[in-house]
Amino acid sequence: MDEPAFEELYRATAAGLRTYLYRVCGERRVVDDLVQEAYYRLLRSKFASENHEEVVRYLFRIATNLLKDHWAAAKKERGGTVKSEPLAAGPSPSTRLDVHSALGALRPADREILWLAYAEGYSHAEIAGIAGLKAGSVRVMLFRARERLVRILRPNAKGESR
Amino acid sequence: MSDLREHDAELAELFAQSKREETWQEEPHAAAAIWLRARADELMSGEIQSRQRRARPLMLGWLIAAVSVMAAVVLGLFQFVQTLPQQSPELQEMFAGLAFSPLSAALLALAAVPALGLLQFFWKETIRR
């Protein structure tokens, strides 16, 4: 990948990658570091593909792995379980706030697959590739995460979970 | 019974809207900075690898020389220990008293030289640092 192609890729994907990482981990400072590191590792990996979507998926995979490494390091440092920061509320009561705070009540793994499925539109197989899971597991995890999210977004809804 | 898939379109729309509403202030030269960092690291690791490749024959030469010296010392010691009792009857008596044959002493010398070499290497690599 040459420099103009990389800059083009960065322009097209950086905001989406940032939002994904922010929705999953909720720490802006961490997001900045992870985004830089993800692009850096993409360049160093020499991953070559003509398919733009494939490159983006690979980038998301790198970022997801970096996030998991970050959590593992933080957990080790604190010597226990690491609780990701509550997702901070935005300035206006909007859809962003609804989704953001609803995601904040879920486990990071749920946030990750929900975002990849609904915001990025990835298939189960693609999510499995990004998150390092089996496609069958993604199907089940996504079903449960979606169930939990719907329960948070629509607390009064009846009969939505089977 | 309501299928959760009913919510799929609604959720997709909520997430898409949430994604659209999120704005980030990008540093103007962020991509260029990452590119430069990756390129610099690539050049540096290329240079390190090339230096290592260039130094490989020299390292091999040192290794062969070290092994040759060690073999010479071992053989020399082996011969010295083997001939020692013949030159001195007292030593022969001492070996007999200790129930320690000259061959055992030679074998001990054979093992001792590489062991001392290794110990010195580990000492240099770990304790000194």
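**Exercise 1. What share of the contacts in chain A with a separation of 6 or more comes from residues 24 or more positions apart?**

Solution. Start with the term: two residues are in contact if their C-beta atoms, placed from the backbone, lie within 7 Å. Among contacts in chain A with a separation of 6 or more, residues 24 or more positions apart account for 55%.

Before going on, a word on the model. Residues are numbered from 1 along each chain as its sequence is written, while chains are lettered from A and ligands numbered from 1 in the order in which they are written. This is a predicted model, where local features need pLDDT of at least 70 and side-chain atom pairs count only at pLDDT 80 or more, whereas totals for chains, interfaces and linings use all residues.

**Exercise 2. Find how much of each chain is buried, then look into the core.**

Solution. A residue is buried if 20 or more other C-beta atoms lie within 10 Å of its own, exposed if 12 or fewer, and partly exposed in between, with C-beta atoms placed from the backbone. Chain A has 162 residues, and 35% of them are buried. In chain B, buried residues make up 9% of the 129 residues.

Now for the core. A nonpolar core is a set of buried Ala, Val, Leu, Ile, Met, Phe, Trp, Tyr and Cys residues joined through C-beta atoms within 7 Å. The largest one holds 47 residues, and those touching the most other members are A:Leu17, A:Leu21, A:Ala38, A:Ala63, A:Ile113 and A:Ile127. H1(A) supplies the largest share of this core, eight residues. Take A:Ala38 as an example: beyond its neighbours within four places in sequence, A:Ala38 is in contact with A:Leu17, A:Leu59, A:Ile62, A:Ala63 and A:Leu66.

**Exercise 3. Work out how H6(A) and H7(A) are arranged.**

Solution. First, the method: axes are lines fitted to C-alpha atoms, for helices over the stretch in contact, and angles run from 0 to 180 degrees between N-to-C directions. Helix H6 (residues 124-131) of chain A packs against H7(A) at an angle of about 105 degrees, with the axes 8 Å apart. Next, the scale: angles under 35 degrees count as roughly parallel, over 145 as roughly antiparallel, 65 to 115 as roughly perpendicular and the rest as oblique. The two helices, H6(A) and H7(A), are therefore roughly perpendicular to each other.

Last, the residues that meet: A:His124, A:Ala125, A:Ile127 and A:Ala128 from H6(A), and A:Ala135, A:Val138 and A:Arg139 from H7(A). Sorted by class, this contact has five nonpolar, one polar and one charged residues. Here Ala, Val, Leu, Ile, Met, Phe, Trp, Tyr, Cys and Pro count as nonpolar, Asp, Glu, Lys and Arg as charged, and the others, Gly among them, as polar.

**Exercise 4. Describe where chain A touches chain B.**

Solution. Count both sides: 29 residues of chain A are in contact with 24 residues of chain B. On the chain A side, the elements giving two or more residues are helix H1 (3-25), helix H2 (28-45), helix H4 (95-104), helix H5 (108-119) and helix H7 (135-153). H1(A) gives the most, with eight residues. By class, this side of chain A has 13 nonpolar, six polar and 10 charged residues.

**Exercise 5. Why does A:Lys46 count as exposed?**

Solution. Locate A:Lys46 in the loop between H2 and helix H3 (52-78) of chain A. A:Lys46 counts as exposed because it has 8 C-beta neighbours inside 10 Å. Then check the backbone: phi of A:Lys46 is near 60 degrees, a positive value in a residue other than glycine. Most residues other than glycine have a negative phi.

**Exercise 6. Which elements of chain A have the lowest and highest confidence?**

Solution. pLDDT is the predictor's confidence in each residue, from 0 to 100. Chain A averages 83, and 85% of the residues score at least 70. Confidence is lowest in H4(A), at a mean of 73, and highest in H6(A), at 93. Be careful with residues 88-93 of chain A, where pLDDT stays under 50.

Technical notes: Helices (H or I, at least four residues) and strands (E, at least two) are DSSP runs, numbered from the N terminus.
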